[in-house]
Amino acid sequence: KGKCPEDGWDESTIELFLHELAIMDSNNFLGNCGVGEREGRVASGLVARRHYRLIHGIGRSGDISAVQPKAAGSSLLNKLTNSVVLDILKLAGVRTVTNCFVVPMATGMSLTLCFLTLRHKRPKAKYIIWPRIDQKSCFKSMITAGFEPVVIENVLEGDELRTDIAAVEAKIKALGAENILCVHSTTSCFAPRVPDRLEELAVICANYNIPHIVNNAYGVQSSKCMHLIQQGARVGRIDAFVQSLDKNFMVPVGGAIIAGFSESFIQEISKMYPGRASASPSLDVLITLLSLGTSGYKQLLKERKEMFSYLSSELKKLADNHNERLLDTPHNPISLAMSLKSLDENSDVAVTQLGSMLFTRQVSGARVVPCGAVQTVNNYTFKGFMSHANDYPCAYLNAASAIGIKKQDVDVFLKRLDKCLKASRKESKKEKGVNEISHSGAGTEQLED
C-alpha cells in the first residue's frame, strides 16, 4: 500500500526485503555484461555491503524521481521511501500534503533547490522576504540561489521574538509583489525566537500572489509546527515545506524531505535536481521507518513531548536557584532559553566561558548566546547574531528537547550545568575582585603623581 507499517519489522525481515530489491538491479544479475560508463561496479566489498548492493542511486540524468530501467530495485526503493515518508508527514499533522520526495542534500541546499525552481516562474523577481532567524544555512540558501534576502527584524513580545507581520506587508508594497520571489518563513527555531506566524504570512502570500517556502528543519517532531503548516495551507498559501532527515528521523546527516500541497510543483522541484542522486538518505530513512513502524514513531513523538515538559520544569527550578529565570516562550515547542544576566553583569567573557565549560564536560547542543555579538555572513552584517535580534535584553542559554532525548540526558545536563554555573560565578567574582584592586591601585598612583 506504500504506507509505513503500523508495527515495526525486525532486522532480518528488513534485510531480506532490501536483498530482494537489490537483486532487481542489473549490476547484481548473474551473467550481467556491462559496457557503459556507469554499471554499478564497486571495488570494495565493504562498501557494497554497506549499501546492500544498491549501487545505482536514484533517478535519471534529467529527473531525480524518474525510474531507471537497469536499476528497478533502486527505483522501487525510491518510490516506496517517498510514499512511506508522505504517510508519516500526514501522521505527524499535515494531513492535506499531496506530494513529497527525499533529496540527498541537507536542509539549506534543499531550500536553494526550491528557490531555483521558482526562478523560472518569476523571472523578474530578485528579492526573498525573510523574517530573521540567526542560522547561517537558511540565509546562505537564498544567496547561493542568487537572490537578495530582505531581512525582516522580529518584534519582542514579552520574552518572545515574533514575526513582524506589518513590516512584511509594508516591504512587499515597497518592493512590488512581482519583484519578490517568495516569503521564506521558519517553524522550528531556537528560543526565544518562536515559529513564524504562518497563518498570517500564508494569507499575505495568497493576497499578493507570492510563493511561500517554509523552512521546517526539525518541525516534523512537533505537532505544533506541523499544525501551523496545515493551518497556513488551509487559510492561505504554502508552496513547499522542507525538513531535515537527521533531525526528525535520527539518521545520518545528508538528506531532506521537500513536500507540498501541489503535486505538480513538487514534481517541478524534483526535475530541477540535475542528474542522478545518492540512494543512501532514502535507504536510511526507509530502514528506520520500517523498523519503527507508525506505532514506534508515534511513541518517540510522545516521549519527546513529555521530555520537553520535564526539561522545562527542571530548568526553571535550576534557574530560580541561580537567581536566573526560564524565559517565557510558550509558542516554542522544542527549544527553551534560560537567562544568564548575573554572568553577563559580572564579566564580558563569563557567558562564552560557560559555553566552553559545558562543551568540555561533554554537554553538546546547548547554545550560550552573549549580548551584542556581531557576525558578517555573505557581506550582510547581523548585530546581536545568534539571538535573532539586534538588541535582545539579556544573554541566555538554549537547550532543546528533540526526538530521541532521554530522561538521563536531561538529568545529566542539569547536573553539569549547575556545577558550571557555580564555577563560572566563582571565577567571575575573582576577576571582579582583581579588577577592583587594580583600579583602586591605579587611582592612588594618579593622585600621588
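Predicted model: local features only at pLDDT ≥ 70, side-chain atom pairs only at ≥ 80, totals over all residues.

1. Let's begin with α6. Ile165, Val168 and Ile172 are buried in this helix. They cover an arc of only 60° around the axis, so they sit on the same side of α6. The face turned away from that buried side carries the exposed residues Ala166, Lys173 and Ala174.

2. What lies over the buried side of α6? The cover includes β2 (127-131), β3 (148-152), β6 and α7. Just after the helix, Gly176 adopts a positive phi of about 90°.

3. Helix α7 (residues 198-208) buries Leu198, Leu201, Ala202, Ile204 and Cys205. Down the axis of α7, the buried residues fall within an arc of 160°, so they line one face of the helix. Among the elements covering them are α6 (165-175), β6 (180-186), β7 (212-215) and α8 (223-235). Just after α7, Asn209 has a positive phi, about 55°.

4. Cys138 is worth a click. This residue belongs to helix α5 (residues 136-144), and it counts as buried because its relative accessible area is 1%. Leaving out residues up to four places away in sequence, Cys138 touches Leu111, Trp130, Ile133, His184 and Asn215. Ser185 is 47 residues from Cys138 along the chain, yet their C-alpha atoms are separated by 9.9 Å.

5. Which residues touch the most other members of the largest nonpolar core? Among its 80 residues, they are Leu89 and Phe115. Helix α11 (residues 280-321) gives the most to this core, with eight residues. Beyond its neighbours within four places in sequence, Leu89 has contacts that include Val94, Val97, Cys100, Met226, Phe241 and Ile257. Apart from this core lies another, of 28 residues, including Leu326, Met338, Val363 and Phe413.

6. Finally, the surface. Ile23, Met24 and Leu76 form a nonpolar patch there, with about 260 Å² of accessible area together. Met24 is in the loop between α1 (11-22) and α2 (45-50). Its relative accessibility is 34%, so Met24 counts as partly exposed.

Technical notes:
Residues numbered from 1 in each chain as written. Heavy atoms only, no water. Buried < 20%, exposed > 50% of the residue type's maximum accessible area, 1.4 Å probe, protein only. Helix = DSSP H or I, 4+ residues; strand = E, 2+ residues; numbered from the N terminus. Arc of directions from axis to C-beta. Contact = heavy atoms within 4.5 Å. Core = buried A, V, L, I, M, F, W, Y, C linked by side-chain atoms within 4.5 Å. Patch = residues over 30% accessible without salt bridge, like charges linked within 9 Å, V, L, I, M, F, W, Y side chains within 5 Å. Areas by Shrake-Rupley, 256 points an atom, 1.4 Å probe, with all protein chains shown as cover. Salt bridge = Lys/Arg side-chain N within 4 Å of Asp/Glu carboxyl O.
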